[in-house]
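Me: Hi! Could you walk me through this structure?

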Amino acid sequence: WRSGAGAPCSTLVPSGAVTIDYRHGLPVITLVLPTRSERCRFTVKPMLTTVGAFLQDVKREDKGIDKVEVFAADGCKVSEATLMEVLLMNDFKLVINNTAYSVSPPVKDKLSSEHATEMEDVKSLVHRLFVALHLEDHQIRKEKELLQKLDRLKAELLPLEQMKARITDSADAKTSRLLWVGLALMSTQGGALAWLTWWVYSWDIMEPVTYFITYGSAMAFYAYFVLTRQDYIYPDAKDRQFLHYFYRKSKAQRFNVERYNKLKEDVAEAEESLRRLRQPLHLRLPIQELNDKD
């Protein structure tokens with residue numbers, strides 16, 4: 001056999017004399033050593049081993065080999081710096097002394113199908129080893145970071161909490177006064193109607209008055225619904241009035257409600273992340289890292 005690139009004349013051996021199969025995800029090249037006349041297996045790491053390293057291993061196994069080279073299917077010599085992963089993508093010829101062996105690597109798609117389970121097992125083992133070796137250091141480092149973050153957030157939140165407490169007390173006091181004023185007005189109205197009914201006028205005269213007062217109250221409740229889109233329920237009305245006083249007071253004292261809410265959310269997230277880190281039966285990842293993974 002003579003290559004098209006000036007390779008020396010060699011005896012061409014039919015395909016099958018040199019075989020390649022995969023075991024545990026690594027290619028195993030089996031060939032017959034010319035001097036010793038025995039089959040020998042070479043396991044290579046495709047992504048790390050070069051063609052030159054493989055050829056040196058072959059020469060070390062058989063001291064009677066003077067020259068060993070690799071040629072592509074078109075006759076071009078393959079550089080010794082080429083990775084075995086690249087070489088095994090296509091057919092090639094292995095020339096030992098004056099004998100050329102035609103080599104046909106297995107199809108890569110078929111290989112992936114046959115050894116997918118083994119590769120997944122290897123990946124799972126590597127992942128478990130990494131977790132076992134590095135999880136504790138990672139956990140300690142993340143816990144320290146979260147504690148520092150919590151201290152910083154709480155220090156920033158403390159003056160806002162104090163200001164919010166003062167505003168809340170003021171708004172609650174105004175809301176309570178408004179409720180008592182409403183009770184006093186209703187009591188005054190009831191007393192006035194009773195006095196007019198029994199001491200000044202008769203029920204025949206006061207009955208239309210009470211009817212229109214009731215009708216006016218119904219109109220007032222309906223107007224409340226039109227303006228707020230809520231039924232006039234006493235607890236909801238109280239909360240609405242409290243929020244009105246609270247936001248008006250906050251604006252007057254320049255209390256940043258949005259900033260306060262953001263800090264509260266950050267504190268809650270950091271505390272939940274810290275709880276997960278200290279919980280041995282869970283993945284022990286902070287909330288932010290869980291979101292990143294998703």
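**Salt bridges and more**

Reply: Happy to! The count of salt bridges comes to nine, where a salt bridge is a side-chain nitrogen of Lys or Arg within 4 Å of a carboxyl oxygen of Asp or Glu. This is a predicted model, where local features need pLDDT of at least 70 and side-chain atom pairs count only at pLDDT 80 or more, while totals for chains, interfaces and linings use all residues. Residues are numbered from 1 along each chain as its sequence is written, and side-chain values use heavy atoms, with hydrogens and water left out.

Me: Which residue forms a salt bridge with Asp57?

Reply: Arg60 does, with the closest N and O atoms 2.2 Å apart. Both residues lie in helix α1 (residues 51-61), three residues apart, about one turn of the helix. Helices are DSSP runs of H or I with at least four residues, strands are E runs of at least two, and both are numbered from the N terminus.

Me: Why does that spacing work in a helix?

Reply: An α-helix has 3.6 residues a turn, so residues three or four places apart point the same way. Side chains of opposite charge can pair when their charged atoms come close.

Me: Is Arg60 buried or exposed?

Reply: Arg60 is exposed, at 51% relative accessible area, while Asp57 is partly exposed at 29%. The cut-offs are under 20% for buried and over 50% for exposed, with partly exposed in between (1.4 Å probe, protein chains only).

Me: Switching topic: where is Thr197, and what is it in contact with?

Reply: Thr197 is in helix α3 (residues 108-200) and is buried, with a relative accessible area of 12%. Its side chain reaches the backbone oxygen of Leu193 at 2.6 Å. Leaving aside neighbours within four places in sequence, Thr197 is in contact (heavy atoms within 4.5 Å) with Ser202, Trp203 and Met206.

Me: Does α5 have the span you'd expect, or what does it come to?

Reply: Helix α5 (residues 234-253) has 20 residues and should span 28 Å at 1.5 Å a residue; its end C-alpha atoms are 29 Å apart, which agrees. The expected span is 1.5 Å times one less than the number of residues. The buried residues of α5 are Ala237, Phe242, Tyr245, Phe246 and Ser250. Arg254 follows α5, with a positive phi near 60°.

Me: Last one: what does the whole chain come to in secondary structure?

Reply: Seven helices and seven strands. Of the 294 residues, 27% count as buried. Residues 24 or more positions apart account for 57% of the contacts with a separation of 6 or more.

Note on methods:
A polar contact is a pair of N or O atoms within 3.5 Å; within protein, one must be able to donate a hydrogen and the other to accept it, and residues adjacent in sequence count only if both atoms are side-chain atoms.
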